[in-house]
Every structure is written in C-alpha cells, then in structure tokens.
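This report looks at a ligand site and at a sheet, with the sequence and the structure to be read alongside the text.

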Amino acid sequence: MEPLVRIVGDGAAAVAIQGLTPEHASILRDLIRSLDGGISISIRTTDKGREALLTGALVRLKQLPDIFRSNPLVPPQMAQATTALLDKYLRTDYSVDCRGKVLDLGSRTHIMGILNVTPDSFSDGGQYADMDRALAHAREMGAQGADIIDIGGESTRPGSEPVPEDEELLRIVPLIMRLSAELPIPISVDTYKATVAQKALEAGASIVNDISGLRFSPDMARVVADYDAAVVIMHIQGTPRNMQQNPVYTDVVTEVMAYLEQSIEIALAAGVDQEKIIIDPGIGFGKTLEHNLLLLKRLDEFKALGRPILLGTSRKKFIGTVLNIPVAEQRIQGTAATLALGIGKGARVLRVHDVERMSQVARMTDAVIRSA
Ligand code: HH2
C-alpha cells in the first residue's frame, strides 16, 4: 500500500491519510483510540479507498510518525510518508540563492517590489513606462526596503493580449542591465516566455517569475536551469486572455496544489535546483472571488509542498469587490489585511506595489509571530 498523506482543512490541525485498505483503517482507528487523547480520528469511504482524518494540535500531530512506528501492524510507508509531510510542512529555514544574491527567507518576510514597465497594467500601467521614471521608482523601492525588484514588460491582467517578444525585451532589458548592476538586491523578470527570460538573465536578472508555472513555454524550465536562476512557479487556470471567463474547480486548494507539484516536477526534471524554487497560488489568475478567499484562508496547506510561498494580492480586484473600492490604488488597507493573514499562514515573500507600507505590515506581523 502507498498511503497518500496530506494536511487538510482550515488550519494545520488535520492530517488526512488516503488510500487505506479497510484493515489498515481499522488498525489505525484502534491505535489512535488507544492513545491517551489529543488526537481524534474519523474514517470515511472514498473512491480511492478509506480515508482517515486525524485531528489535533500540531504538537500532538508531530508525534504521529513515532506513534505509527511503535505499532508493528501499521505499514512502515505510513510513518515515512507522515514524517516527510510534516518535515516539509514545518520547514522554516528557506534560503534561496539568486545567482549569488541570497535571500534568507527563514529570517523574516521578504518584499518583492513590482515594477511594471507597461502602458496597461491594471494598477500602475503607464506610470513607469519611460526609463528614467522606472529607474527612479526601482531605486525608491530599494530604499524603502524591497528585497527583490520584479520587472514586467507585459500586463497579464484579465483579458490582456500577449505583447510581441521584441517589444517586451525593449521595455525590460535596458532597465534590468542598469538595475542589476546598481542595486544589491536580486532582479526578477516577470515573463512566461523562455526567450525573454533568457535575455533578461543575460542582462543580469537572477529570478524568473513565471505566471504559468513553467507551462506556457516548453523551454522555460531548461532556461532557468541553464542560468542557475531562482524561479517563482505560479498557478494559473487558462491564459490571461480567458482566465476570468468561467473559472471552475471541484476543490480549488487541492487542484492548485497538484498543479504546483507538477510544475515543481517539471523544474526538477530540467535540472532546476529544488532550493531555488518558490511557489505561488496565483491569486486572481483564473479564480473567482470565492476561490481567492479560500486560497488565502487555506494558504497554510501549501506549506506541505516544502517550498517557500509567495503571495501576490496587492491591490487586486477581489479586494475591490469585497470592500467596494473600484480604484486599485485605494485598496491599501485591504491589501494589508490579506498580507498580514498570509504571513500568519506561511507566506515568505509578498509581491507588492506599496513597498514602504507593506514592509511595515510585514515587520509588524513578523514581530508578533516570532515573539517568544
Ligand atoms: N500578479 C500579477 C503579475 N505577476 N506574479 C506572481 N508571481 N504572482 C502574482 O500574484 C502576480 C504576478 C498581476 O499584477 P500586476 O503585475 O500588478 O498587474 P499586470 O499583470 O496588469 O501588469
């Protein structure tokens, strides 16, 4: 038997073990019930066999591998799978080497400042389209505490059309050359095109931020590996052009996690260093309001993928919908709320427009979470 062990539910308090035979399910039930409390078990029948849901405080759930190992009737793979899952879920010491510029994501929440050199981005389109203004804004974000500058030459807002490669390169390459030489922090390129990513890496970028999770360009994973770059793997359903037409999921969290898991496999198969991968559920990319809210509420479940989480809620439409604020620049407090909550649920990098304000949100939230 190959049990599939997952952390599910609202919060960290449940471990699901799927694919159990009826015999193993009943062994497990007897074992958990024989303990002196702290963990409860419920078993249901699914199309993949029996599923056991073990609920309790995280400190107690952490003892599960030992509990399993102490009983010879429990298959050893179950203890191994549970240990592996909990190790990933509880990991905090992430350090991402961006071609020599190292982000110590275990030490505090990091800020990725957005620099859209596009005429049409949903919130800041046209503001930084000329070189001098873009440079000034990047420097300003650096001074305000940005840990990464994310440069994008194509808007991926809902309904947007692709920009020709030449045009995208013209917008971003000169800027990346200047900024990567001048700033001590890593420059990330927000593109899903392998050829654009390659030219950006040659110009000095050290992170590829791919909204398609390495799916739109077949060569993308190889480019990331060849240049030893770090990579942000994001989930999207559909393409920017059609993604908001009718996004449908049976279970959004499970499906987004499965997509990211497969994208991690694509990266590893191409030779990308696992320690250079950052994951992102892709808020607003092929998701309804309810999907976005649920992804945020259950963001902690993504920790089970064993990679640091980036969260990109900044000024997005779902915040405007909840608060009834049509103007993106006015969604500051709503953004702050999602980010504080997101940090509490494990986000390590925040992709934001308002660097100074959101750095404060991050520092304050970190202070509370990390207090002894
Ligand atoms: N959101 C946008 C663009 N790139 N990358 C990641 N990893 N995560 C995100 O959530 C994300 C992203 C959309 O925001 P923005 O860049 O401000 O707008 P536009 O696509 O219109 O340029």
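What follows describes the surroundings of the ligand and then the arrangement of the strands.

The model is predicted, and every value below is computed from it. Around the ligand stand 18 residues, of which the closest are Ser121, Ser155, Asn209, Asp280 and Lys316. Sorted by class, this shell consists of 6 nonpolar, 7 polar and 5 charged residues.

| Residue | Polar atom of the residue | Distance to an oxygen atom of the ligand |
|---|---|---|
| Ser121 | side chain | 2.5 Å |
| Phe122 | backbone | 2.9 Å |
| Gly312 | backbone | 3.3 Å |

On its own the ligand has 480 Å² of accessible area, and the protein covers 98% of this.

Turning to the sheet, 4 strands form an open arrangement in the order 1-2-4-3, and their pairing is antiparallel. Strand 1 (4-7) and strand 3 (39-46) are the edge strands, and because each has a single partner strand, one side of each is left without a neighbour in the sheet. From one strand to the next, the twist averages 20 degrees. In general, strands of a sheet pair through backbone hydrogen bonds, in either a parallel or an antiparallel manner. Here, strand 1 and strand 2 (residues 14-20) run antiparallel and are joined by 4 bridges, and Val5 stands opposite Ile17 in strand 2. Helix 4 (residues 76-90) packs on the sheet, where it touches strand 1 and strand 2, and the direction of helix 4 makes about 30 degrees with that of strand 1.

Note on methods
Residues numbered from 1 in each chain as written. Predicted model: local features only at pLDDT ≥ 70, side-chain atom pairs only at ≥ 80, totals over all residues. Heavy atoms only, no water. Near = heavy atom within 4 Å. Polar contact = N/O pair within 3.5 Å; in protein donor to acceptor, adjacent residues only side chain to side chain. Areas by Shrake-Rupley, 256 points an atom, 1.4 Å probe, with all protein chains shown as cover. Nonpolar A, V, L, I, M, F, W, Y, C, P; charged D, E, K, R; others polar. Pairing = 2+ DSSP bridges. Helix = DSSP H or I, 4+ residues; strand = E, 2+ residues; numbered from the N terminus. Axes fitted to C-alpha atoms, helices over the stretch in contact; angles between N-to-C directions. Contact = heavy atoms within 4.5 Å.
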